[in-house]
Amino acid sequence: MNDLAAPAEEAVVAATAAAGPATTLDVALNPLRDPRDKRLPRVAGPCVMVLFGVTGDLAKRKLLPAIYDLGNRGLLPPGFSLVGFARRDWKDQDFAQLTHDAVKEHARTPFREEVWKQLREGIHFVPGEFTDDGAFDALAMALKEIDETRGTGGNYAFYLSVPPKFFPTVVKQLKRTGLADAPPGSWRRVVIEKPFGHDLKSAHELNEITNEAFAESAIFRIDHYLGKETVQNILALRFANNLYEPIWNRSYVDHVQITMAEDIGIGGRAGYYDGIGAARDVIQNHLLQLLALVAMEDPTSFDASALRREKEKVLKAVRLPADLGLNTARGQYDAGWQGGEKVVGYLQEEGIPPTSTTETYAAIKLEIANRRWAGVPFYLRTGKRLGRRVTEVAVVFQRAPHLPFSKTDTEILGQNALVIRVQPDEGVTVRFGSKVPGTAMEVRDVSMDFAYGESFMESSPEAYERLLLDVMIGDPPLFPHQREVELSWKILDPIEDFWHTQGQPEGYPSGSWGPESADAMMARDGRVWRRL
């Protein structure tokens, strides 16, 4: 079989294709009902992936290695082709060398020469500017030739790994050349990286431009957090078990904390980050999507429309606090110590104006106005140069209504919590009270852990592996719909408008856990942030 499929999987490829597309999570949650579980993996059909922005950090660190890893796992089709487009005077072999180096350095799976050779046969490069009509005409000719020589059938996925300001230009070029229009029996899809606009108005304008060229069903907005195994596990944890769902409501939950902390600074991303900030970069997409998955009602199925419908209901029900000054916090990291090294503050980073008011830390309090969550606060926080890199969702439960112990028996007992660890140590922790061994009745917190690395024989695929495969298959549940994007901006825009009137963000030392105002925000509610 002359393709990228691993020998052990060749026998199942035809059966998988005949079975038709599987719904996202349906296989995972119902292995006995769907025979395509493990022995019959989903394999993409014939197609070309056109990657704009191949010289960028995302392409080299994530996208190109993910494509190789899919090939190494036998999930790419015969004749799969990869076309790079960039402003470089390169030939096919130059792009192939860049891909080879990126795979060698960043691929999750072992490098296999036979897999690389098969992938290399389908690698092509088209040089040009995004505003160059001739370059896009050349791209159209190259794709037509690939269809004839590789049997890709006119199926193209266009991945826009480019700065947001170039999205409209590239989409219009794809429309002008006819590359956005799929002939009968084939498909055309466009993949857009976040941010999806910088506010509600720009997000709406971007959607109008994209919809002029592609149908909504052909637009895949990538939020890579939704491709992470632990994020998908939120749905499995809630809806495949009867243990947690009965207490997943205002009668038992005290509050929810959703955190994405980074220990790095902005690195070389000054041009992108300044003027965007932590809230637009992380809260508008990653954290609000996590909130929606935690708070949503159970969908009728895990197909795209049902899943999106429930997430949209949650986002529509989100309410901002009346006093944004007391219930939000923003900060900007100062110089300090990180990992034993002295680091500079945000305003001293190369390319950052000394008067910048862009926040590198953001925390907000939200509530959800529905029967399940009325009165339960959701605290969202994100920041750079914090104590460590960690992303988690912590559902913190109310204290028991009656404790038949003396005060000293439970003086160090905290609140029960269910913690979903998204990264880096993927898993779930349940925190509860247990008696300390001995003659006295002393109760203190203990933890029960589930770790992916210990419970399963193989490591979790990278998020981009799952999402790129879903694009090629045409499976959209893990991709936010435009309505979700616009609802998220409706939540964040008033906060950004308020912060715009507040001047300079509060400073916090690098290596700490953020500004004092974030702790004060929690203290006013009688709560504290989890120390991670």
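This is a predicted model: local features need pLDDT of at least 70, side-chain atom pairs count only at pLDDT 80 or more; totals for chains, interfaces and linings use all residues.
Modeller: Residues are numbered from 1 along each chain as its sequence is written, and side-chain values use heavy atoms, with hydrogens and water left out.

Biologist: Why is Gln-423 called buried?

Modeller: Buried means under 20% relative accessible area, exposed means over 50%, and partly exposed is what lies in between (1.4 Å probe, protein chains only). Gln-423 has a relative accessible area of 10%, and therefore it is buried. Gln-423 is found in strand S15, residues 417-423, where helices (H or I, at least four residues) and strands (E, at least two) are DSSP runs, numbered from the N terminus.

Biologist: What makes the approach of Gln-423 to Tyr-225 a polar contact?

Modeller: A polar contact is a pair of N or O atoms within 3.5 Å; within protein, one must be able to donate a hydrogen and the other to accept it, and residues adjacent in sequence count only if both atoms are side-chain atoms. The side chains of Gln-423 and Tyr-225 are joined at 3.1 Å, and the side chain of Gln-423 also makes a polar contact with that of Lys-228, at 3.3 Å.

Biologist: What makes Glu-121 and Arg-150 a salt bridge?

Modeller: The term requires a side-chain nitrogen of Lys or Arg within 4 Å of a carboxyl oxygen of Asp or Glu. In the pair Glu-121 and Arg-150, the closest N and O atoms are 3.8 Å apart, and they form a salt bridge. Glu-121 lies in helix H5 (residues 113-121) and Arg-150 in helix H6 (residues 133-150), so the pair ties together parts that are 29 residues apart in sequence.

Biologist: Which salt bridge do Asp-519 and Arg-531 make, and at what distance?

Modeller: Their side chains meet in a salt bridge at 3.6 Å, N to O. Asp-519 lies in helix H17 (residues 516-523) and Arg-531 in the segment after H17, so this pair ties together parts that are 12 residues apart in sequence.

Biologist: Why is Arg-531 called exposed?

Modeller: Arg-531 has a relative accessible area of 56%, and therefore it counts as exposed, whereas Asp-519, at 30% relative accessibility, counts as partly exposed.
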